[in-house]
Amino acid sequence: MQIRWIHYLAITAVAFFSLGCANAATSTDTNSDAGSRARAASVLFPQFDTVEYATTDVLSRFTSPGPNAPNNGADQTLPLSLRLPFVQLIGGLSFLGKDTLTALQTNYSGVLVGAKGFTLPEGLGMVHSQDCYIGLLRPGGKSIVEAYLNQSGSQTIDGQKVWTWTAPPYEGYPQTTTFYITEIGPSYFVMGNDLAAFRATVHQLAQGTEDDSKISDPDALSEKTYWAYRSIRWNKVTGTIDPAGPAAQTATVVMKFTVDFGTMMGQVEADSSDEALQTDPKHLPGSEVFHYERKAPGIWQAAVPIAKDPDATTALFTVAALFGFGVSL
Amino acid sequence: MLLLKGTLGIVCLSLLSSLLVAQSSPITKTAPATPKPGGVLVDSNPMMPLIVPLFVEGDRFSSTLVLVNNATDQTYADLTLRGLDGKTLATQRVNFTPHSQRRVDIGKVLRANSSVATTGSIVIMPSSGLAGPAIGEMLAMTYTGSDPNYIDEEVSMPGMTGSRVLQGVADSGDGPPVLAISSLSEMNQHVQVQCLGKNGAVPARVVSLAAGETFITGACSGPDHHGSDVTAILRDTDEHAHGPQGIRLTSDGMPGSFAAFAMASHHARSDRFFSSVLFSDPKSLNSPNTVFTGVPVGDTSLLTAGRYVPQLTLTNFSAKDVHVHTTFAKTSRSTSAQEVGPVTVRANSTRELVLRNLNGDASLQNSFTVHSDGAPGVLMAKFVSRSESGRQGVELQAKDEADMENAGGHPWSIEQNTESTLLLFDHSTSSQVFTARVTGGGVDWQKEYRLASMQTKAISIRDLVEQRVKDDTGKVLPKGTISGETSWLVTDMKKASGRLLQSDRSTGMARNFSCGYSGLLCGVNMSIYQAYAAPNYLINYANITGYTCTSGLPNACSGARTGSANFTTSWWSNNTAIATIPGSKISPPVAVQGVKQGATTINGRLDSPYCSAGQSGPVTVKCFAQLKYRAVEVWIFEVGNHSYWWFQDGNGQNWVTDAGPTKNCINTSIDCGFLNSWATAGNHGQLPDDDAINNALAWQATPSASLCTNTGWLMAYQQQWRQNTVPYGKNKASNSNTFAHSSGSNAIFTITTPPPNAPGW
């Protein structure tokens, strides 16, 4: 019974984030954008614990605009916690040149990230994970990868030209990071910090093996420009993520997070078929921070302001941690 | 009229109240001023009577005595109205609240005392409780001919330190001026009267003056009938004798035994109008030069339509020719100064200059300086600016260029059609800062104006009120305020001048207030806001304000207190190894920064040209507490802030207390292990990147006597922390920020600015 429930959730997730985005495009979306996003999402969901998405417009809002930009006196930048899932992408590309991030925002409509293998930092620092990013080229956009792949230093992996580079250690992670980037067809780049995950993603995306026929929940469409999805094993007794915990104490919880930048409100959703979690939200992930409200049997939602005050900051960092992108401070 | 210091001082009003910066309960220390070379302390200055030599009631004359208390204390003055024979007609005590004005209708006083007298003098005796001459007065006479005409008579304060001579200048009139000489002596005296006209001096004549008598006569030709009133003199004088006159009065009595006033009569159609002649003691003058501020030249928006022509009347009271240079300074878009032509005024004669070809600023931003090569008191001047079309005119008092009693203190009014314009003039060779002060409606409005050399500034008080002009602290005069008082202050009063013009364009009348009190520095108030500093902590330590006095002496450092003002300021620390003044050392408010633990003294001093006053206060540098934070980064990208406390305990030891995760997590979740804490001596935490000196500051505790206790609580909180007990990342993400927050709360700190991007706070 539990296995069937998990299978249902996975299919729902693919439908929620891929077809949904395809059919209910935002004002900047095109059908081509939505289609490529759906395909990329369907590649990431089977492989990774967490899948998240952000438009490049969102990714450009973590730093203040230049001095020539209009200034209405208000701080228009977004809380940094929303950037955490994409910090390996932003950090890695920054080593390729200061203009690379600008080129990303200009030429690509959005980026999906799949993450797994979360490991704690040594002391203070950010949780490390095996991350794989898929960039969605805008129609008419110019590839940021092509120039590197045609250089003599590029290598061939699984028949694909791949550019690799390394980045130094950082606080909490005393190792160098090796990045891989390649281009798939006319629409995507794939970038990763783990070779195995990178190869699998490239392979799946190049093969086009996503299974759209299993999508069965068209009502869960999402128009959000920022979303996250993760299925976790939650230990109801210890209140921790516990993949190896005893079955009697653990339950599968699907966590979803979406942001409405119009209202500057985020929404955390925790879905579970576990009997205890269907009736009492105090055992749900993040319940000490979020104020869950029951929307349907097994479906709990909590509003999280997209703000920078201390309470909102704690809530947004808790969201990031639940999706694997925690920070030890 | 030039002010006679010590012998014939004329004082108006001031309203200089304290300049305290809004702070909670500062400790205020006061100290008197001490003289610098040339300055003097005035001890128990005997209060001298003031005299109005002439009042006239009836036959189209009316008189109102305007009295102003310049002092910060409440006080009173006793008035005695005397008849021409010196006998008392009426007495009245006038009480004053601090900085207030009273108006006394002379006609009403006479009628209340059943007196039928129409002419006489007024003696004013201020309260002996005042430490200096703080009562300012002016007799405002009005002649209600076919057009009303103001005749302003400044009040004199004769004294024993002057000479036996008074001199005045009358502009060209129809017939000789009507002269009133009033005795302040209990003895008979003889007064020699001599007029100096265009063609030189006419033979002097001597009149006898009985004790207390007021003698009215034609200034240059008599008739000398004791008991004659103004009307009789006007009837009997030769109205065909034209031309300006200098008038010199010399008594054989003691210095200060008489005062005088004259009116020059002018024909206009079938009627007449008068201009006033004010007398001053040449011994009281400091310089041979005079200043006229805010002169109507050409068209002017404040007065009746028509072109105004300045007329300068100069009298040389010496037996030697003097050479005169007159400079016209005009400020429109820019300031320009031009000499209007050097002239020679022959010995013992009067010369009149009609300056027809000048084009001035319409808002009265025109001033003149008159420089002569004679000794002080040799050349005296009078300025009248009269409309070409008729009889409207503005009389201006000559101000001694080196006059110290020049801080204003005038009553302003914008009732009905009346306009009040404050006119300020920098007649020095460098720019000067004027602190203009306008009080009204319970508001003390102050604004600094920097004037360039030879610049004149006209400030419309109606505009200040109606346009809600903010002062330097953001205050505005309340809407609907129609009267109040105005003054100004310049650090060196010898370099600047000012006056208030009350004018009514509809009637063509203008009243001039030029006399002033001295605005002396006579002490300081130092308000200490914060006597505890911390190393590297900047505190707003104190503010220093000079209080001002009027004393009747030009360079005194004491007297009757009139208010407060800023002077040249200096600050210094006795031990810069303990506390320094890193910012301005010359502005009244001072900020002090702690360097290291200890105690020292901060000194503040104010200086005016002749006086200085200072005060000192302690500052203790001990303990500090700062909430610091730093970014945790992935390469150069911040992923969150880690906060901690940096503080100094009562022994002068610096500490860093912080918290973080244990390293024994075996789970893949962030919420594993425990939140443990550390206390590390010095300026670094247990993590090398926790560099308290260079990391960002979120908040710091205000230094206080009890801050060492608070920092002790910070340390106690860390020492009592239950290690390996509090789950890391649980219970609202417990982390270093949570620990820092609860540490601060335990130390009873109200942290108004928590660290940014710090989850767990």
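Modeller: First a term: helices here are DSSP runs of H or I with at least four residues, numbered from the N terminus. Note also that this is a predicted model.

Colleague: Where is A:Ser36 found?
Modeller: Residues 31-44 of chain A form one such run, and A:Ser36 falls in that stretch. The element is helix 2 of chain A.

Colleague: Is A:Ser36 buried or exposed?
Modeller: Beyond four places in sequence, A:Ser36 is in contact with A:Leu136, A:Ser187 and A:Tyr188. Buried means under 20% relative accessible area. A:Ser36 has 7% relative accessibility, so A:Ser36 counts as buried.

Colleague: How many residues of helix 4 of chain A are buried?
Modeller: Helix 4 spans residues 87-94 of chain A and is mostly covered. Among its buried residues are A:Val87, A:Leu89, A:Ile90 and A:Leu93. A:Gln88, A:Gly91 and A:Gly92 are buried too. The count is seven of eight.

Colleague: Which residues does A:Leu89 touch, not counting those up to four places away in sequence?
Modeller: A:Leu89 is one of the residues with the most contacts inside the largest nonpolar core. Its partners are A:Leu59, A:Leu104, A:Val111, A:Tyr133, A:Phe189 and A:Met191.

Colleague: Which element gives the most to the largest nonpolar core?
Modeller: That core has 82 residues, with A:Phe86 and A:Phe257 also among those with the most contacts inside it. The top contributor spans residues 310-322 of chain A and gives six residues. The element is helix 9 of chain A.

Colleague: What area do chain B and chain A bury between them?
Modeller: The contact takes 38 residues from chain B and 40 residues from chain A. Carbon and sulfur atoms carry 66% of the buried area. The total is about 3,000 Å².

Colleague: Which residues form the salt bridge across the interface?
Modeller: The rule finds one salt bridge between the chains. The cut-off is 4 Å, so the pair qualifies.

Colleague: Which element gives the largest share of the side of chain B that touches chain A?
Modeller: Elements giving two or more residues there include strand 47 (624-634), strand 49 (654-661) and helix 6 (736-746) of chain B. The largest share is six residues. That share comes from strand 48 of chain B.

Technical notes. Residues numbered from 1 in each chain as written. Chains lettered and ligands numbered in written order. Predicted model: local features only at pLDDT ≥ 70, side-chain atom pairs only at ≥ 80, totals over all residues. Heavy atoms only, no water. Contact = heavy atoms within 4.5 Å. Buried area = accessible area lost by both parts, 1.4 Å probe. Salt bridge = Lys/Arg side-chain N within 4 Å of Asp/Glu carboxyl O. Core = buried A, V, L, I, M, F, W, Y, C linked by side-chain atoms within 4.5 Å. Buried < 20%, exposed > 50% of the residue type's maximum accessible area, 1.4 Å probe, protein only.
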